[in-house]
Amino acid sequence: MVKYADAKYVDYRKLSSAAESWGQMARKYSMAVRAYETDVKGKLERSGWRGDFANAARVNISDTCKEIEAAESEARAVASILREGSRKLASLLKELDAKEAEIRRAGLHVAADGKVWGTVTPKHVGESRTANAAEYRQQVLDQQMAELNARIRKWQRELDDIVRRIGNFDTDLKVSLDKATAPGGSGTAPRFNGNASADLERVKIKRGNELITRLNSGEPLSAGEREELRAISDDAARDRGLSKRFLNAVGTDSFLRLSGWLQYMKATEKGNTRADYAEIAKNMAGVLASATRKEDDAREWAAKFKEVGTRAYEWNENGRAANPSVVGGGYRYSLKGYQALMTIVKEGEGYSKHFLHMVADDIREAEKNDRRVWVTHPSRYPRGAAVDPLDAALGAMAKESKAATGYFTPELLEYMDSREWKVLEANGMVGGPDAKESSDARQGFGKFLESAATGRPAGVEAPDGRAVHSKDEIEVFSSIVQHYSKDDHPGMPSALQRPISRVLSDYSESIYEIVGKWKTTSTSAELPLNVYQLKSMISAVSADPVAHRIVLNSQAAEIARQFDKNLDESDFSAENGYKSRAPEHARVAGTVLGVIDEARANAIGADLVRSLKEADLNKLKAYHAAGAIITPIPVVGDAMQRALDSILYAYTEGAKEEFEQAKEGKLKKLHRHGIEMLQELIKAKASQYPGTPEDTASGRQRALNHGLDAYNTGGGIMEKSR
């Protein structure tokens, strides 16, 4: 594979010189053809020579003439390939230089080996009244480093992408030159290639199809051949026209059979070989995404896949595509067409909503005809092959938020509740009556719900730290809450708790308003939800400690923002004790935090082992390390930001204490971190104004009291602990 140093200092002008030499050679061959026809063939015809020897001479002369013509064709093709190589490489190297200049203008540097790097200057974060001031300063530095590393990763990806394209083109040139100079004609002696093609794209497609055909026959590729297929498929994925022609050349059956082979190689190979096949799988997903980007193309290929969506495709234990008519040769494993398709689809992104929607609809249609259509035997499949195709299709939509939002309907939630999720045979007998869910069941569905409601790919934070939602996204959020908060709903599946907690965190202001102000009836046509529905959702996700933490963090950040936006020095002055707005804001905040803490307390009491496992605590600690400093929210000042960071750090310490108590069977106090958070935020806001009174009539003390009372009302936790 071409590296940065190789690409940076390549002299493409040598290709121009070589092209000129091959062009001159082609012209010389052309002159030789004319001279041979005049001086040899012409003289023979004019001589009047007859007989067997004369006929044999004519045949030899004709063959020689054709050979020289073939040599001319080959030389012209090679010259054309080299000229195109010089032109394309010059363009790519110019693009590489321009990208390096951009990186330097962004304040970063490029090392000799192509690594982007930069430095960070520690910020002055001011004084902190918290006990963990040193930890906070380190967190700020860590945040600066994280931001720098994010910038470096962005530029490194863009630089590496150009180097990769240079490498791809280098491989394309090699393939085209090899094909152009391959021996042609018949017989044992090497001959010039009279059919040499200078069409790099046509040669590339033909070679890619040859390699895929070999893979489907169960024949592994050499390292060089894997590099060829990697480069060809990567190029095709980048170009819609090329991807369409390549996919058409490969065909539906060959594409689906390839999926089984790639899964087999990813599961059985190691090191570079495994990495090569994994990259080819990702590239083939990109080819499919690119070829189906337009609605007409999406419809065409969705229809093609529908024809074979429930057809069984078989592979034997060596990964070879099995012929159903052949008996013996070891066990076989079988996937339906849509399952094979989704093993490729899940490797990529960038699919059009048209293609994903059509395929998902067709999968649902197949399920309605046969609830158990996807049931497979888990022991006979390469890792990652036995997928739930609908869950995978929804997971693919989760990467394209507009596709997810556009596909969502309230009826889909009902359908996903009632469909058959048990896709793996559990009793060791193919076709047996018992089945179980796969370990990743509903993962795609959970990501789909998150993406549809937030308007961003699953797991991606709002770019400015605060989400803005469209009308359609708000409707999705409302439908999710209404569906899972119904009294007769059997309960939220555990796989959905974390994705939906991220949805709740994205609507933190709405939760603050509805739950904190205890709105028992909806006052908004746009968001027709009430406190009881949102309480039910908070309770459902709080069975998972990480999901609970996500909701609690988002509300702590929302409260900090509300305090910073709505309270000022007058709310904490001696003159305005009973006119202060702080108690009312504390009451709203206390209510919502009480509700959240009650939800987790109930989860701990209901099922301590399930709710507070060591693995979950480790995830909490990792969550804290990755995001201890909440993304700064607009309008929140530094003092409130420091307080917020401090209390979220303390939350993790409190969770550790709970865990230790739980292990010893000594969990004597309920989960009540919210009131401590609220009190710290009130004190932090008041401390911004020197001389703030702390007597019982002050705005500060009345806010603390109102917050505590509201916390008790919202959660009732203290009453439960008596």
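How many helices and strands are there in the protein chain?

## Overall picture

The protein chain has 28 helices and six strands, where helices (H or I, at least four residues) and strands (E, at least two) are DSSP runs numbered from the N terminus. This is a predicted model, in which local features need pLDDT of at least 70 and side-chain atom pairs count only at pLDDT 80 or more, while totals for chains, interfaces and linings use all residues. Residues are numbered from 1 along each chain as its sequence is written, and side-chain values use heavy atoms, with hydrogens and water left out.

Of the 722 residues in the protein chain, 50% count as buried, a word that stands for under 20% relative accessible area, whereas exposed stands for over 50% and partly exposed for what lies in between (1.4 Å probe, protein chains only). Contacts, which are heavy atoms within 4.5 Å, can also be sorted by sequence separation: among those in the protein chain with a separation of 6 or more, 76% come from residues 24 or more positions apart.

Ile68 belongs to helix α3, which covers residues 52-105, and Ile68 counts as buried because its relative accessible area is 17%. When neighbours within four places in sequence are left aside, Ile68 is in contact with Tyr29, Ala32, Val33 and Tyr36. The C-alpha atom of Ile68 is separated by 7.9 Å from that of Ser30, although the two residues are 38 residues apart along the chain.

Asn168 is found in helix α4 (residues 133-180), and with a relative accessible area of 0% Asn168 is buried. If residues up to four places away in sequence are not counted, Asn168 touches Arg230, Ala231, Asp234, Asp235 and Arg238. With Asp235 there is also a side-chain polar contact of 3.3 Å, that is, a pair of N or O atoms within 3.5 Å, of which, within protein, one must be able to donate a hydrogen and the other to accept it, and residues adjacent in sequence count only if both atoms are side-chain atoms.

## Helices α6 and α9

Helix α6 (residues 223-238) packs against helix α9 (residues 271-291) at an angle of about 25 degrees, with the axes 8 Å apart; axes are lines fitted to C-alpha atoms, for helices over the stretch in contact, and angles run from 0 to 180 degrees between N-to-C directions. Therefore α6 is roughly parallel to α9, since angles under 35 degrees count as roughly parallel, over 145 as roughly antiparallel, 65 to 115 as roughly perpendicular and the rest as oblique.

Among the residues that meet in this pair are Leu229 and Ala236 in α6, and Tyr277 and Ile280 in α9. The residues of the contact of α6 with α9 divide into seven nonpolar, five polar and five charged, where Ala, Val, Leu, Ile, Met, Phe, Trp, Tyr, Cys and Pro count as nonpolar, Asp, Glu, Lys and Arg as charged, and the others, Gly among them, as polar.

## Two loop residues with positive phi

Most residues other than glycine have a negative phi. Arg442, however, has a positive phi near 75 degrees, and Arg442 sits in the loop between β6 (435-437) and α16 (443-454). Trp518 also has a positive phi, of about 50 degrees, and its loop lies between α19 (508-516) and α20 (531-541).

Are these residues buried or partly exposed? Arg442 counts as buried because its relative accessibility is 13%, whereas Trp518, at 31%, counts as partly exposed.
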